[in-house]
Amino acid sequence: MNPLTIDAADEAENLWLEARLREYGNPNAIRNLSELDGFLTAVISGPQQPPIDRWWPAIWGGVEPAWRDRAERDRVMQQVMIQLAFLSYALTEQHDEFEPIFTLAPNMEPPVEIAKWWCAGYLRGVALGNWSALPHPQQEALALIRLHGSDEQLAQLTRLSLTQYQQSVAEVAPAALRLHAYFLAQRGPNRAPVAVSSMKPVNTPAKVGRNEPCPCGSGKKYKQCCLH
């Protein structure tokens, strides 16, 4: 889900959700869509998915906001669950659809993607689960995400050239896929996509793009119809 290619309806809904993240945020909360996307990716990638009563309050810094009304809360929850379902599908079934939502560095041509917020959100999700004793390849994958998401790694990150930095950002998505695949295999024969398997697409072509017409004939884009 690249923020440069979303359509007007998606963009309006994303802007609305990000406004809620900022309105109800605090220093311990998820602050933007990039951080939320990374957080949700980690939530569904670990050895076990933390229950919703742990990860949902974590989005808001531990305490759920005082919503204007139930409709507002339901709308936010719906958007979060749609994103969770899409991530589960992309990570498990269609890897080429998995595109972390990165921000863009201001005033740079050509655009340079910034992975800081996404990786910081991912590390928040990691903190909710038991990710200890990773094999060396998965340790390296997580270390790459820490490089971009942890303030402790800032000095190392700033020593990279622009080319090295861009290559490192390009390796974040493959690193997340490797970590998800590792833990998915550890779950054994009953390794359904965590907690959102009932929302996974059924009887749809595996290679239908998110922005292509839905094969069910509704006239909507796939991502707005049968994808979720």
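**Exercise 1. State what share of the chain is buried, and outline the fold.**

Solution. Of the 228 residues in the chain, 48% are buried (under 20% relative accessible area; exposed is over 50%, partly exposed in between; 1.4 Å probe, protein chains only). The model is predicted: local features need pLDDT of at least 70, side-chain atom pairs count only at pLDDT 80 or more, and totals for chains, interfaces and linings use all residues. Residues are numbered from 1 along each chain as its sequence is written, and side-chain values use heavy atoms, with hydrogens and water left out.

Next, count the elements. The chain holds nine helices and two strands (DSSP runs numbered from the N terminus: helices are H or I, at least four residues; strands are E, at least two). Their order along the sequence is α-α-α-α-β-β-α-α-α-α-α.

Then take the contacts (heavy atoms within 4.5 Å). Among contacts with a separation of 6 or more, 66% join residues 24 or more positions apart.

**Exercise 2. Describe how helix α5 packs on helix α9.**

Solution. Two packed helices are described by the angle between their axes and the distance between the axes. Helix α5 spans residues 116–126 and helix α9 spans residues 172–186. Their angle is about 15°, and their axes lie 12 Å apart (axes are lines fitted to C-alpha atoms, for helices over the stretch in contact; angles run from 0 to 180 degrees between N-to-C directions). Therefore α5 is roughly parallel to α9 (angles under 35 degrees; over 145 is roughly antiparallel, 65 to 115 roughly perpendicular, the rest oblique).

Now list the partners. W118, C119 and Y122 of α5 meet V172, A176 and L179 of α9. The contact residues comprise six nonpolar, no polar and no charged (Ala, Val, Leu, Ile, Met, Phe, Trp, Tyr, Cys and Pro count as nonpolar; Asp, Glu, Lys and Arg as charged; the others, Gly among them, as polar).

**Exercise 3. Decide whether Q138 is buried or exposed, and find its contacts.**

Solution. Q138 sits in helix α6, residues 136–149. With a relative accessible area of 12%, Q138 is buried. Leaving aside neighbours within four places in sequence, Q138 contacts R178, L179 and Y182.
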